Amino acid sequence: MKVRDYIVLTINGNVHKISGEQAFMPFSSLLRYEIGLTGTKVVCAEGDCGACTILYRRHSADADKFVSINSCISTSFLMDMSHVISVEGLAKQNQLSEVQDSMIRNFGGQCGFCTPGFVMALSSMYENTKTITEQKVKNYLTGNLCRCTGYQPIINAAMAVDTKKVAPLKSCYNYEKLTKDLESDQFVPIKITVGEKEFFAPTTLAQAAEYKKKHPNVRLFSGATDIGVQINKGRNPGANLMSLHLIPEMYALKHDGDQIVVGARVNLNTLQKFLEGKSPKFAEFLNIFASPQIKNAATLVGNLANGSPIADTTPYLLTADAIVELFGSSGTRSVALTDFIKGYKSFDLKDDEFITGIRFKIPNASSSKIGLFKVSQRRDLDISCVNSSFVFQTQNNKIEKAKIAYGGVGPKALRLFDVEKVLEGQEMTPALASKAKQMIATTITPISDMRGSAEFRSQICLDLFERFVQENF
Ligand SMILES: Cc1cc2nc3c(=O)[nH]c(=O)nc-3n(C[C@H](O)[C@H](O)[C@H](O)COP(=O)(O)OP(=O)(O)OC[C@H]3O[C@@H](n4cnc5c(N)ncnc54)[C@H](O)[C@@H]3O)c2cc1C
Ligand code: FES
Ligand code: FES
């Protein structure tokens with residue numbers, strides 16, 4: 001098998017081939033210390049503050065717009081086959097971009113650490129939308145923190161940009177040439193070995209399964225928004241690392257009958273846009289998932305495979321009868337999500353298997369009552385204390401089918417089958433709601449931690465059910 005021992009990408013229009021130790025660095029370190037592009041700053045190194053924001057576009061992606069991501073938690077090898085623009089790449093022929101210019105005119109440039117990140121986040125907004133409202137600006141800035149001055153001058157700068165003068169970033173470079181520069185490496189697997197460490201990127205599922213069989217402990221990387229944080233905190237991801245980014249099927253995103261099929265490399269922002277109109281409640285819920293930068297990298301599969309009992313998408317997937325698609329040396333296997341999650345970070349996943357995608361049902365819009373909730377200490381960019389999903393099918397006031405799931409209430413996210421059975425075939429009444437709440441209280445087993453006490457979590461679970469009932473019956 002022909003392999004390459006380097007990754008290839010363009011940065012501000014120039015082609016770079018990166019090999020050896022550099023390929024394993026956080027991408028922000030590669031930019032700053034190896035390439036000398038020090039405009040990108042690192043403050044938290046956890047994906048929280050946005051100082052390290054860069055613009056990114058995957059080579060051969062369907063969408064041709066650049067989106068923002070956090071470079072501090074992206075491992076460099078994941079940037080293979082992408083076009084990157086750092087803050088140095090915005091100005092052309094010594095002429096600042098419209099966003100940069102507006103930041104100066106409106107006193108939006110505050111401290112030197114955060115300002116490049118703010119400029120990049122706003123540039124990504126103008127790249128992806130032309131109708132600007134103050135709320136939209138705030139949404140695009142949820143992944144950028146300031147601890148010195150506040151946000152008003154930055155918001156003012158964003159609102160003052162002359163949208164007619166903003167050119168798509170693609171038009172600032174000889175894009176056709178850049179695309180050609182990467183093309184020849186697109187279908188060649190990567191193997192980069194440095195001492196004990198090895199990174200492998202297969203181009204087919206069979207190659208991936210063979211590698212996993214040989215190295216059962218290989219660590220899969222998707223968007224790295226979980227693993228990247230752990231690596232920056234000093235946790236070793238293991239010796240063998242693998243990414244499925246060169247396998248085209250991993251980007252599948254389609255409507256198949258009454259199901260949505262999501263490949264392992266589909267990021268949450270792409271998924272959210274796809275779901276608008278098809279599964280609006282889930283799309284709306286994804287609004288309060290992390291920040292634009294995180295969602296442009298994070299995947300649905302990564303959210304599940306991280307195995308966190310408070311992963312935000314798991315309760316909904318449990319109530320949408322999700323099926324996890326697996327691939328291993330004996331081929332494909334499909335497992336119901338309820339059976340797939342066995343315990344805390346424990347799955348029905350064989351040594352040679354990995355996840356290739358998730359499919360889940362779209363509830364019938366006319367007969368469904370849906371409630372999706374996340375409770376966290378702040379609204380945006382926070383990890384849940386408790387999350388929940390309620391999907392009920394009703395006819396003539398009768399509950400035909402009830403599906404209830406909670407996260408943050410035990411070692412794994414839970415479907416509450418016994419409570420569902422008691423509700424089915426009944427009309428919702430205060431007495432029935434009260435009985436259901438008593439059963440919920442005895443089924444869940446929350447613990448106390450920094451996000452909330454066990455008592456608080458139990459009370460919230462009952463309150464969320466009550467809220468769903470009040471809003472829908
Ligand atoms: C600032 C910040 C905010 C966040 N906010 C939220 C939030 O609001 N809600 C929330 O739920 N989470 C949040 N997260 C956590 C994280 O973004 C999500 O869990 C995300 O969906 C992970 O996806 P990923 O593609 O980045 O996974 P990765 O980090 O790439 O991988 C996560 C885990 O899944 C495994 N894995 C990846 N792909 C596969 C595969 N194909 N087969 C088998 N295993 C695989 C990896 O080995 C790893 O163990 C946040 C993280 C950060 C840094
Ligand atoms: S440095 Fe804070 S998000 Fe990357
Ligand atoms: S702009 Fe950096 S802390 Fe306020």
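Mentor: One term before we start: two strands pair if DSSP finds at least two bridges between them. Also, this is a predicted model.
Trainee: Okay. In what sense do β3 and β5 pair, and over how many bridges?
Mentor: Strand β3 and strand β5 (residues 82-85) are antiparallel, with 4 bridges. Leucine 55 stands opposite isoleucine 85 there.
Trainee: And which residue stands opposite isoleucine 54?
Mentor: Isoleucine 69, in β4. Strand β4 (residues 67-70) also pairs with β3 in the antiparallel sense, over 4 bridges.
Trainee: Switching topic. Where does phenylalanine 77 lie?
Mentor: In the loop between β4 and β5.
Trainee: Why does phenylalanine 77 count as buried?
Mentor: Because it has 26 C-beta neighbours inside 10 Å, and the cut-off is 20 or more.
Trainee: What does phenylalanine 77 touch, leaving out residues up to four places away in sequence?
Mentor: Ile7, Ala23, Phe24, Ile192, Phe199 and Ser243. Phenylalanine 199, in turn, has contacts including Ala23, Phe24 and Leu241.
Trainee: Now the largest nonpolar core. How many residues has it?
Mentor: It has 133. Among those with the most contacts inside it are Leu55, Leu122 and Phe199.
Trainee: Which helix gives this core its largest share?
Mentor: Helix α3 (residues 115-128), with 7 residues. Domain 1 (1-174) and domain 2 (367-473) each supply at least three residues to this core.

Methods. Residues numbered from 1 in each chain as written. Chains lettered and ligands numbered in written order. Predicted model: local features only at pLDDT ≥ 70, side-chain atom pairs only at ≥ 80, totals over all residues. Core = buried A, V, L, I, M, F, W, Y, C linked by C-beta atoms within 7 Å. Buried ≥ 20, exposed ≤ 12 C-beta atoms within 10 Å, placed from the backbone. Helix = DSSP H or I, 4+ residues; strand = E, 2+ residues; numbered from the N terminus. Domains from an automatic or database assignment. Contact = placed C-beta atoms within 7 Å.
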